[in-house]
Amino acid sequence: MSADDVIRAHEKALKEGTDRARSLAQTLLNVPYGEGDGEKLDVYIPSTCSLDINLVIYLHGGYWQFLSKEESGFMAVPLVDKGVVVVAVDYDVAPKGNMDLIVSQVRRSVVSVVQQYSHISGLYLCGHSAGAHLAAMVLSTDWSQYSVQPQIKGALLVSGIYDLLPILSTCVNDPLKMTEEVALRNSPSELVSQLQLSSSGCHIIMAVAENDSPEFHKQSEEYYKLLEASGLNVSMENVANTDHFNIIEQLVDGDYHLTKLLLKMMGKS
């Protein structure tokens with residue numbers, strides 16, 4: 001398959017999973033978390049409500065320039081079945097959005113969710129590829145600049161990018177137009193000290209696909225080592241028989257390794 005065909009197949013798989021989740025779960029769609037057209041989120045709600053609700057915020061991948069919340073509800077079915085609320089977040093992909101704006105948007109989406117769902121007992125993040133980068137940026141937020149201090153209990157970072165400098169010279173940066181300064185301030189690997197302050201009680205699972213490219217393995221391993229050296233609660237998963245795309249697509253399955261890890265993190269296994 002060509003690169004374009006691979007991405008089209010990935011988009012199709014995520015869209016089909018999201019459509020299925022929308023048909024099976026209660027939903028609140030297009031909930032605004034800000035003033036911008038792209039600042040909306042979808043909420044997938046369990047049929048049984050309890051006061052002890054866990055909530056997962058999913059941040060989609062797509063190299064910061066494609067995909068949306070319309071393909072981001074696929075993981076909801078096995079989680080909603082276990083009483084977990086799933087929130088899929090939209091942000092302005094490039095070229096409409098730049099990296100500073102995108103990071104600001106996902107941080108504000110988390111603030112909005114915490115304000116709207118004050119009764120949640122556990123807040124968790126999940127992100128894939130560019131979305132794993134954004135989830136790591138959320139973990140590294142200086143919350144003193146915001147109206148709330150979210151207590152994020154766990155994060156599943158899947159096949160992420162944690163140092164943006166190597167991207168500057170690639171075609172991925174063409175629509176983003178990042179300078180070195182922008183890349184540095186939006187690289188989680190540069191913000192580990194801030195992460196220690198904001199997410200010290202958070203269990204971070206870093207996952208990489210067995211057949212991910214060498215750069216994805218390198219980025220995950222180096223970021224894992226930085227977190228581990230800082231005394232954070234972090235573990236590393238090299239997921240067998242997966243590639244960069246199906247490692248996340250399989251979260252539609254309740255028996256999939258990463259689905260089980262996410263549920264275990266929430267005490268739902």
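1. Tyr58 and Phe74 are both buried, where buried means under 20% relative accessible area, exposed over 50% and partly exposed in between, computed with a 1.4 Å probe on protein chains only. This is a predicted model, in which local features need pLDDT of at least 70 and side-chain atom pairs count only at pLDDT 80 or more, while totals for chains, interfaces and linings use all residues. Residues are numbered from 1 along each chain as its sequence is written, and side-chain values use heavy atoms, with hydrogens and water left out.

2. The count of aromatic pairs comes to four, taking rings of Phe, Tyr and Trp (its six-membered ring) as paired if their centres lie within 6.5 Å, with planes under 30 degrees apart called stacked, over 60 edge-to-face and the rest tilted. Tyr58 and Phe74 make an edge-to-face pair, at 5.3 Å centre to centre and 85° between the planes. Their pairing links distant parts of the chain, 16 residues apart, since Tyr58 is in strand 3 and Phe74 in the loop between strand 3 and helix 2 (76-80). Tyr63 and Phe66 form a tilted pair, with 6.1 Å between centres and 45° between planes.

3. Strand 3 covers residues 53-59, and seven of its seven residues are buried; helices (H or I, at least four residues) and strands (E, at least two) are DSSP runs numbered from the N terminus. Ile53, Leu55, Ile57 and Leu59 point one way, whereas Asn54, Val56 and Tyr58 point the other way. In general, side chains in a regular strand alternate between the two faces of the sheet.

4. Which strands run parallel to strand 3? Strand 5 (residues 120-128) is joined to strand 3 by seven bridges and runs parallel to it, and strand 4 (residues 84-89), also parallel, is joined to strand 3 by six; two strands pair if DSSP finds at least two bridges between them. Ile53 has Ile120 as its bridge partner in strand 5, and Leu55 stands opposite Val85 in strand 4.

5. No disulfides, that is, pairs of cysteine sulfur atoms within 2.5 Å, are found in the whole structure. For Cys202, the nearest cysteine sulfur is that of Cys126, 12 Å away. Cys202 counts as buried because its relative accessibility is 0%, whereas Cys171 counts as exposed because its value is 59%.

6. Tyr63, already mentioned for its pairing with Phe66, counts as partly exposed because its relative accessibility is 25%.
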